[in-house]
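Here is a protein chain to look at. Let us learn to read some of its features, one at a time.

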Amino acid sequence: IAKQFEADGFKIVATGRTYEAIVAAGVKATKVNKLQEGRPNIKDMITNGEINLIINSPRGSKDSREDDSYLRKAAIKKKIPYMTTMAAARATATGIKDIKKHGNSEVKSLQELHAEIIDK
């Protein structure tokens, strides 16, 4: 997923093990501190308008869940798209790639799409 975002011109910023995994996969990334690791950290980058999209799927530790709450609130405040699953991140990356390839198209609600279905 990080490779697809990078190919579409995104600069990747990541924390901890996520950073290590992304770099090991050959994607250029910048490492940033988690909240409990000191400053500057990812929340500072969000607050300063340096982040345009967030993929955060915290696992396990209490610190991860606590960071998640602060990051989610900061994202909402700054109106930054925020995904919490890899499926959502993949769908977002695919959608961005499609728009870059084919241009912006008309957005339809599910109700509009269902209305277009013709029973055979």
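Predicted model: local features only at pLDDT ≥ 70, side-chain atom pairs only at ≥ 80, totals over all residues.

Q: How many salt bridges does a search of the whole structure find?

A: Begin with the term. A salt bridge is a side-chain nitrogen of Lys or Arg within 4 Å of a carboxyl oxygen of Asp or Glu. The search of the whole structure finds three. One of them links R39 and D44, with the closest N and O atoms 2.5 Å apart.

Q: Which residue does R72 meet in a salt bridge?

A: R72 pairs with D68, at 2.7 Å from N to O. To place them, you need the rule for elements. Helices (H or I, at least four residues) and strands (E, at least two) are DSSP runs, numbered from the N terminus. R72 and D68 are four residues apart in helix α4 (residues 62-78), so about one helical turn separates them.

Q: Why does a spacing of four places matter in an α-helix?

A: An α-helix has 3.6 residues a turn, so residues three or four places apart point the same way. As for cover, R72 is partly exposed at 34%, whereas D68 is buried at 13%.

Q: Which residue does E116 meet in a salt bridge?

A: The side chain of E116 meets that of K108, at 2.4 Å from N to O. E116 is partly exposed, with 45% relative accessibility. K108 is also partly exposed, with 33%.

Q: How far does helix α5 reach from its first C-alpha to its last?

A: The expected span of a helix is 1.5 Å times one less than its number of residues. Helix α5 (residues 86-102) has 17 residues and reaches 24 Å, close to the expected 24 Å. After α5 comes G103, with a positive phi near 85 degrees.

Q: What should I expect of phi and of peptide bonds?

A: Most residues other than glycine have a negative phi, and most peptide bonds are trans. Now look at two cases here. K79 is not a glycine, yet its phi is positive, about 60 degrees. K79 sits in the loop between α4 and β4 (82-83) and is exposed at 77%. The other case is the peptide bond joining R39 and P40, which is cis, with omega about -5 degrees. P40 lies in the loop between β2 (29-31) and α3 (42-47).

Q: Which residues form a nonpolar patch on the surface?

A: Patches are made of residues with over 30% relative accessible area and no salt bridge: like charges are joined within 9 Å, nonpolar side chains (Val, Leu, Ile, Met, Phe, Trp, Tyr) within 5 Å. Accessible areas come from the Shrake-Rupley method with a 1.4 Å probe; for residues, only the protein chains shown count as cover. I1, I55 and M86 form the nonpolar patch, with about 210 Å² of accessible area together. I55 is in strand β3 (residues 54-55) and is partly exposed at 33%.

Q: Which residues form a positive surface patch?

A: Lys and Arg count as positive and Asp and Glu as negative; His and the chain ends are not counted. The place of a charge is taken as NZ of Lys, CZ of Arg, CG of Asp or CD of Glu. The positive patch is formed by K43, K73, K77 and K78. Helix α4 gives the most to this patch, with three residues. K43 lies in helix α3 and is partly exposed at 31%.

Key. Residues numbered from 1 in each chain as written. Heavy atoms only, no water. Buried < 20%, exposed > 50% of the residue type's maximum accessible area, 1.4 Å probe, protein only.
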